[in-house]
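Here's a walk through one protein model, from the overall fold down to individual side-chain pairs. Have the structure open as you read.

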Amino acid sequence: MSLQGRHILSIDQFSRSELEHFRSVAEKLSPVAKRKVRCTALAGAVLANLFFEASTRTRMSFHTAFARLGGEVVDTTGFTFSSISKGESLEDTARVIAGYADAIVMRHPEQGSVAKFASGINIPVINAGDGIGEHPSQALLDYLTISREFARLGKTIDGMTIAMVGDLKHGRTIHSLAKLLSRFENITFSFIAPENLRAPAELLQELNNAGHKVVEYSGIQEGLKNAAVIYATRIQRERIEGGETMEGYGENFRINRRALTNYAPQDAIVMHPLPRDSRPGAFDLSTDLDDLDNLAIFRQTDNGMLMRMAIFACVLGVDKNIEQTFQPINIYKPKKLSDKDASFYCFDC
Ligand code: NCD
């Protein structure tokens, strides 16, 4: 199979075996992420990293992933310093940048905008989030995380139950991850949200049509039962329009120590795409879980490096035998990245 030259706009584009290929390339790149070797597979290549919406981890990890494969990165952040603010169309901007770079990563507030941007150009464009649409690279790194956590626990994705909690309406990470998991067999999706923030009806229909079990809950009490993965999300306040409200969202949706103890299986993995909203009244994932071994949120962000390197390697056609471009390096690295690290991945081994 070849992923070379492909855009990555939606999880809809990919078969299960293609998803598995991304994962296996990501696993091979582990020594690069652990900074034991340097990789020169993308030496001579340039990435254009275009972010028209707020981002920390997605923007920086795409940039770092390209750099760690030996490539160089040019970027632009926000509309103010881009010619889009002078009225240039997405299509014209895309054609210009295609003449400068070998791949483009783009985040934009409008659903469908990244596909429109990519439509007229032949260099790979990766959707880093298009409004409430999709966030395929996040779904891929979440998939890598679930696979790694399940390998440790002796579980399989086929047959699993995932509880998705929070803003399921505007949360693009939810949309992409649900689509990705629907490529597997016999998944139970427990969607937990107040009426106003329910997952889009078309998504529920798509999951049903693929033969999965979809159940909606209006609170965590019932919804967390049997969950092997609990995927919490932030309320996307910046996307909540005039007529919409957060009514009904509160403590009854909060994933914290008490909720896990009372309602969830003991070995449930807790995930969140981050950022978590730590402001009072946000009811986002609680910091009282920070020392829980099964809290995988920073393993997700670490896995983002692996998966984003894998994405570049695949779409730029250097995924085969990529290990042959590894060279040992001997720069200082700590034994673990922070005192809160669980020891599962062993950064130093
Ligand atoms: C998410 C996003 O931008 O959709 N963040 C991310 O990329 N990890 C989730 C969010 O902003 O809530």
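## Overall fold

The protein has 11 helices and 11 strands; both are DSSP runs numbered from the N terminus, with helices being H or I of at least four residues and strands being E of at least two. Before going further, a note on provenance: this is a predicted model, so local features need pLDDT of at least 70 and side-chain atom pairs count only at pLDDT 80 or more, while totals for chains, interfaces and linings use all residues. Residues are numbered from 1 along each chain as its sequence is written, and side-chain values use heavy atoms, with hydrogens and water left out.

How does the radius of gyration sit against the globule rule? For 349 residues, a compact globule would come out near 20 Å, and the protein has 20 Å, so the two agree. (That radius is taken over C-alpha atoms, and the rule is 2.2 Å times the number of residues to the power 0.38.) The C-alpha trace spans about 55 × 50 × 40 Å along its principal axes.

## Burial and contacts

Of the 349 residues, 54% count as buried. Buried here is under 20% relative accessible area, exposed is over 50%, and partly exposed is in between (1.4 Å probe, protein chains only). The protein exposes about 15,100 Å², with carbon and sulfur atoms supplying 48% of that area; the areas come from the Shrake-Rupley method with a 1.4 Å probe, and for residues only the protein chains shown count as cover.

Contact means heavy atoms within 4.5 Å. Among contacts with a separation of 6 or more, 77% are between residues 24 or more positions apart.

## Aromatic pairs

How many aromatic pairs does the structure hold? There are eight. Rings of Phe, Tyr and Trp (its six-membered ring) pair if their centres lie within 6.5 Å; planes under 30 degrees apart are stacked, over 60 edge-to-face, and the rest tilted. Take Phe14 and Phe22: the ring centres are 5.5 Å apart and the planes sit at 80°, so this pair is edge-to-face. Phe14 and Phe22 are both buried.

Phe66 and Phe312 also make an edge-to-face pair, with 4.8 Å between centres and 90° between planes. This pair links distant parts of the chain, since Phe66 is in helix H3 (residues 57–68) and Phe312 is in helix H11 (residues 297–315), 246 residues apart. Phe66 and Phe312 are both buried. Arg308 lies over the face of Phe62, 4.6 Å from the ring centre; a charge counts as over a ring if NZ of Lys or CZ of Arg is within 6 Å of the ring centre and within 35 degrees of the ring normal.

## Salt bridges

The count comes to 21 salt bridges, each one a side-chain nitrogen of Lys or Arg within 4 Å of a carboxyl oxygen of Asp or Glu. A local example is Glu20 with Arg16, at 3.1 Å from N to O. Because these two are four residues apart in helix H1 (residues 16–28), about one helical turn separates Glu20 and Arg16. Glu20 is partly exposed at 29% relative accessibility, and Arg16 is partly exposed at 25%.

Other bridges reach across the sequence. Glu53 and Arg239 meet at 2.8 Å, N to O. Glu53 is in the loop between strand E2 (46–51) and H3, and Arg239 is in the loop between strand E9 (229–232) and helix H10 (257–263), 186 residues apart. Glu53 is buried at 16% relative accessible area, and Arg239 is buried at 11%.

Glu149 and Arg299 meet at 2.6 Å, N to O. Glu149 lies in helix H6 (residues 136–153) and Arg299 in helix H11, so the bridge ties together parts 150 residues apart in sequence. Buried or exposed: which is Glu149? Glu149 is buried, with a relative accessible area of 1%, and Arg299 is buried too, at 8%. Finally, Asp12, Glu134, Lys179 and Glu206 are linked in a network of salt bridges.

## Around Ile84

Ile84 lies in the loop between strand E3 (72–77) and helix H4 (90–98). Ile84 is buried, with a relative accessible area of 18%. Leaving aside neighbours within four places in sequence, Ile84 is in contact with Phe52, Phe79, Leu90 and Thr93.
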